[in-house]
Amino acid sequence: MDAIILQILNGLDKGSAYALIALGLTLIFGTLGVVNFAHGALFMIGAFCAVTVQRLMQLSHTEIDESRTDFLGNPLQVEVPYLESWFGPELGQALISWSVPLAILLAIPVMMLVGWIMERGLIQHFYKRPHADQILVTFGLAIVLQEIIRQFYGANPIPTPAPDALRGSVDFGVWLGFGPGVIFYPVWRFVYFLFSLLIIGGVFAFLQFTTFGMVVRAGMADRETVGLLGIDIDKRFTLMFGIAAAVAGLAGVMYTPILSPNYHMGMDFLVLSFVVVVVGGMGSLPGAVLSGFLLGIVQSFASMNEVKAILPGIDQIIIYLVAIIILLTRPRGLLGRRGVMEE
Amino acid sequence: MGILEVKGVNKNFGGLKALQDVNLSVQEGTVHAIIGPNGAGKSTLLNVLVGKLRPDTGSVMFDGKSVLGRKPHEINQMGISRVFQTPEIFTDLSVLENVLIPCFARRDGAFRMHAFESVAHEGTINEEAEQILADVNMADKRNLHAGSLSRGDKRRLEMAMCLVQQPKLLLLDEPTAGMARADTNNTIDLLKEIKETRPITMAIIEHDMHVVFSLAERITVLAQGTPLVEDTPENIKGHPKVREAYLGEAQV
Amino acid sequence: MLGIGKRDTTILLVVAFMALAAPIILNPFPANSAMAQFNAGYPDLMQRFVIFGIFAIGFNILFGLTGYLSFGHAAFLGAGSYAAVWMFKLLSFNVIPAVLLSIVVAALFSVLIGFISLRRSGIYFSILTLAFAQMSYNLAYSVLTPLTNGETGLQVYTSDPQYLRGEGDPIVTHLFGLEMRAKETLELGPWAFDFSVGYYFCAILMLISFYISIRIFRSPFGLMLRAVKSNNHRLSYTGLNSRPYALTAFIISGAYAGLAGGLLAAMDPLAGAERMQWTASGEVVLMTILGGAGTLIGPVLGAGFIKYCENIFSKINENVLHSWFAALPDGLETGLVWVASKFVGEGWHLTLGLMFMLVVIFLPGGLVEGGQRIGRALRRRRGQDEPGRSAAKEPAE
């Protein structure tokens, strides 16, 4: 029992990331009818927003510390972050340590802007072109974005730790009534899970309870009719693209303590996220979220040593295997409507 | 015994009874029209005939064999060709290539891997294709891109593609839907010509009474998923039940 | 000639001439001149031109003709490479069994993947092929290590059995004793031209592949494939079953990819999983589109163009850039070098991505369409100069 719970917990953080990326992909696909292969790159850009904020916060200047001396007796030169000299050592240190969550503040405007530029500058010219062209142009864009990031941040993963207060693990099992020390779970992963629930809830509430969201949902169901009602659907869809980009970006920001960002993380997650979307059902938002978590958990179970002993290598391919089976037996996915994107 | 025999066909969509106990017999060599107001089940019936939909009960026999459960290409190979509401042609290919494809389909069946023969060296097939283009007055357009044709020409080309297969039954799904009067008359003339020059059986699903009465020898009136009457055009014109079914939208 | 039309014969002869004379054509600059870095006539690079040409020719039979966009063809390339290296390990360094087995293995592999993937079309097909390719890639790195040697990559060791190896056989890849790496250098004044066995072996296979692809394009089978792309719906109502057609095209293109993979291994007996990664599949898509999907010569042009750019762009570094812009004022020079350096050397992939986007946006028909447009524009201009000739209309193609 405890082993099962542990695996479910282990699957949650990856599942959360899948769900968030797939949610954005589905929003873009459902509203704009565009297959966006650059969505993984948005996740990656979000992660590098966190790197940027961390670096900005650690910007330092050299100070001469009179109280300490080096071995020759000269006063020691030390690097002091600006934040510490401005806000005092304690608050400064705390700010630096909280740079990942604080990066959200930067990521939201940056991602909305990136999304807006992408949609207006490129994607809008591809609404009427075949899906193959959309795939190809966004694939090209994904390469361009990841290469730009590599130019500026290098090819190596950059560690971006979680805030000190949220590092380490909690004895999760105790809360569930197991003995102490049975289920340890890293605090940050738990935070990530809650954060993703918050975002998912926010997106759904936004679609459910605002007029804007209502129009978007109507547009997803039947774009032409909504257009006939005299509603300028395009403008709203542009904003929707920005929101989807922001969701992917935030997923990336908060994921950095779990996986040190590197320039190709977007591509790695993209393929999986597409699989998630297909399993959930193309164009179905609840489907995307459900299958995101489901596949995350399935993958975590497949990585158990007991399972791997029976089926070696299963952890590497389980998600693709599930996707292939789903596509062949139930092409509309778990919660999708029939006939989406089928000729 | 007709070439096409529909017996006791029922089809429900959820609670909606799209077809109820449909019986229909199309005699070889005749032009049989199926008419009816909107929502009478004409399109559903057609989709059953071509294997796109499977009826809940009943049988559809063509030339003594059941068509149920067969795929569209198998039904075509049995001898049923279909003309669509909006012309379905190979828009990226040339006009000549459009008619070559059905020629190959007739000779080679559903799949044959002729990867090393040259299309240009297929003498008989090319002659056949050229002939049918001449028959529908499109010989001069043979090298044009099919996508660039006018709508009337696309319809003509689609007809040619069906005729070159020498089908035992030609199904026409509202062949003049959305056409201007002049185009409609052209299509009627084309169909008349086909009827006079070839021994062909046609089943036309149509909304436009003008078309129906210009061509049909037998007419089945469909209303709310059931055949109301089946008779000659003369008798149908004055039939009280038909007037009733068309009340409010009659052009009779 | 050869059972193909006059125009196609011309195209084939032009390609054959280019391929056979490539060591000379691609080395227009004297060996020691400053421009020598733009020469492409050395065996290693020319081999890549023709090998990836084969890959793209095959991919074009699937994507160009049927419109099915596969994102998993690198898996077949990789499978071909592994098969070839196994032949080297087990039999001998003779390339013939290696190349044959690589074709067979890739074709069998594509029967499996194609049969399943082609149950769906459109984007679902793309995602299915992508999923299969990623699966193969992951497996090659993990469980299949006994077959693929994991991250190290598969290579030939002296301890390998090589059951068919004769006494005097070379210990490098060879064709019945003729070493692949053997070359003749012809020196003409300051020029130097390399004629290598390996290159000509690949080039001849490329020409055969190209000839087969011409035959397929002009055959009833090829016509059906184009019909699949144009209107699948009409095709089935014309009595044709599109699935076996698409599957056959898939297998043919898979076999081509296997041949390309086998040749890569024949030139350098190594095989690694990175050849199967889906970005590698993206590269062949780019080659095909850049040259012109659905055209005969497009994929060959695209493959050559990209491999040439890759070679040139990756070679240029900041020093080279500084020497180019040296004549400019210092500030401007530094700026230009900074900008340009982002696109060369390691930044080649950035250039590649940009090229990809620009082609899809502005030139969906690829280089071939670009050439046709220029040709038309030129003719129009000439037509204006000589009004009498403008009446002659081009036959529709």
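Predicted model: local features only at pLDDT ≥ 70, side-chain atom pairs only at ≥ 80, totals over all residues.

Modeller: Residues are numbered from 1 along each chain as its sequence is written, while chains are lettered from A and ligands numbered from 1 in the order in which they are written.

Colleague: At what angle do helix α12 and helix α15 of chain A pack?

Modeller: Helices are DSSP runs of H or I with at least four residues, strands are runs of E with at least two, and both are numbered from the N terminus. Axes are lines fitted to C-alpha atoms, for helices over the stretch in contact, and angles run from 0 to 180 degrees between N-to-C directions. Helix α12 (residues 265–280) and helix α15 (residues 314–329) of chain A have axes 9 Å apart, and their packing angle is about 35°.

Colleague: How many nonpolar residues does the contact of α12(A) with α15(A) have?

Modeller: Two residues are in contact if their C-beta atoms, placed from the backbone, lie within 7 Å. On α12(A), the contact includes A:L272 and A:V275, and on α15(A) it includes A:I319 and A:Y320. Ala, Val, Leu, Ile, Met, Phe, Trp, Tyr, Cys and Pro count as nonpolar, Asp, Glu, Lys and Arg as charged, and the others, Gly among them, as polar. By these classes the contact of α12(A) with α15(A) has no polar and no charged residues, and the nonpolar count is 10.

Colleague: Which residue classes occur in the contact of α13(A) with α15(A)?

Modeller: The axes of α13(A) (residues 285–302) and α15(A) come within 8 Å and cross at roughly 150°. Among the residues that meet are A:Q299 in α13(A) and A:D315 in α15(A). The classes are seven nonpolar, one polar and one charged.

Colleague: Why does the radius of gyration of chain B agree with a compact globule?

Modeller: The radius of gyration is taken over C-alpha atoms, and the globule rule is 2.2 Å times the number of residues to the power 0.38. With 252 residues, a compact globule would have a value near 18 Å, which agrees with that of chain B, 19 Å.

Colleague: Which element gives the most to the side of chain A that touches chain C?

Modeller: The contact takes 32 residues from chain A and 37 residues from chain C. On the side of chain A, the elements giving two or more residues are α12, α15 and α6 (131–153). With 14 residues, the element that gives the most is α6(A).
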